Amino acid sequence: MAVNKVILVGNVGKDPEVRYLDNNITVAKFPLATSENFKNKNGERVESTEWHNIVLWNKLAEVAEKYVKKGTQLYIEGRIKTRSYEKDGAKHYMTEIFANTMQMLGKKTTDNGSSAEPVVSEEEPQTDSVNEADDLPF
């Protein structure tokens, strides 16, 4: 059995770049930063940041175009995909996260500055696992 799943919580590095392809297909791309803090061997606190290339398709891309901006904190679920390309005669590799679930975290502010509930968008519907788990014998 093989599983290709990634879960990230991080901050958007720049506004999504949205393109419209043939057949009404929408794609949005943006960098997402995740950070971790730890103490090094000298006892000093160190912060390490990783950057992830996020790719959203169709409805998720449309939601990102409307609501996601630089600095937005997001929860992302998806799969990892690595592709290669040639540039100036050299082979380059790019690893991307193809998201199938996105949830905006924190409070969304309206134009007048008041708070509203966070915007949630899921491309694939999720089942209510709580009810299904109640019938399990363990």
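This is a predicted model: local features need pLDDT of at least 70, side-chain atom pairs count only at pLDDT 80 or more; totals for chains, interfaces and linings use all residues.

Colleague: Where is the place of Leu105?

Modeller: Leu105 belongs to the loop between β6 (90-104) and β7 (108-109).

Colleague: Is Leu105 buried, partly exposed or exposed?

Modeller: The class follows from the relative accessible area: under 20% is buried and over 50% is exposed. Leu105 has a value of 28%, so this residue is partly exposed.

Colleague: Which residues does Leu105 touch, beyond those up to four places away in sequence?

Modeller: Leu105 touches Val9, Gln73, Leu74 and Tyr75. As for Tyr75, the C-alpha atoms of Leu105 and Tyr75 are 6.8 Å apart in space, although 30 residues separate the two in sequence.

Colleague: Which residues of the largest nonpolar core touch the most other members?

Modeller: In soluble globular proteins, nonpolar side chains tend to be buried together. Here the largest such core has 19 residues, and Leu8, Leu32, Ile54, Leu56, Leu74, Ile76 and Met102 touch the most other members. At least two residues of this core come from each of β1 (6-12), β3 (25-39), β4 (45-57), α1 (58-67), β5 (73-87) and β6. Leu8 has contacts beyond four places in sequence that include Leu32, Ile54, Leu74 and Ile76.

Colleague: With which side chain does the side chain of Glu96 make a polar contact?

Modeller: The partner is the side chain of Arg83, at 3.1 Å. Beyond four places in sequence, Glu96 also touches other residues, among them Lys29, Asn53, Val55 and Arg79.

Notes
Residues are numbered from 1 along each chain as its sequence is written. Side-chain values use heavy atoms; hydrogens and water are left out. Helices (H or I, at least four residues) and strands (E, at least two) are DSSP runs, numbered from the N terminus. Buried means under 20% relative accessible area, exposed over 50%, partly exposed in between (1.4 Å probe, protein chains only). Contact means heavy atoms within 4.5 Å. A nonpolar core is a set of buried Ala, Val, Leu, Ile, Met, Phe, Trp, Tyr and Cys residues joined through side-chain atoms within 4.5 Å. A polar contact is a pair of N or O atoms within 3.5 Å; within protein, one must be able to donate a hydrogen and the other to accept it, and residues adjacent in sequence count only if both atoms are side-chain atoms.
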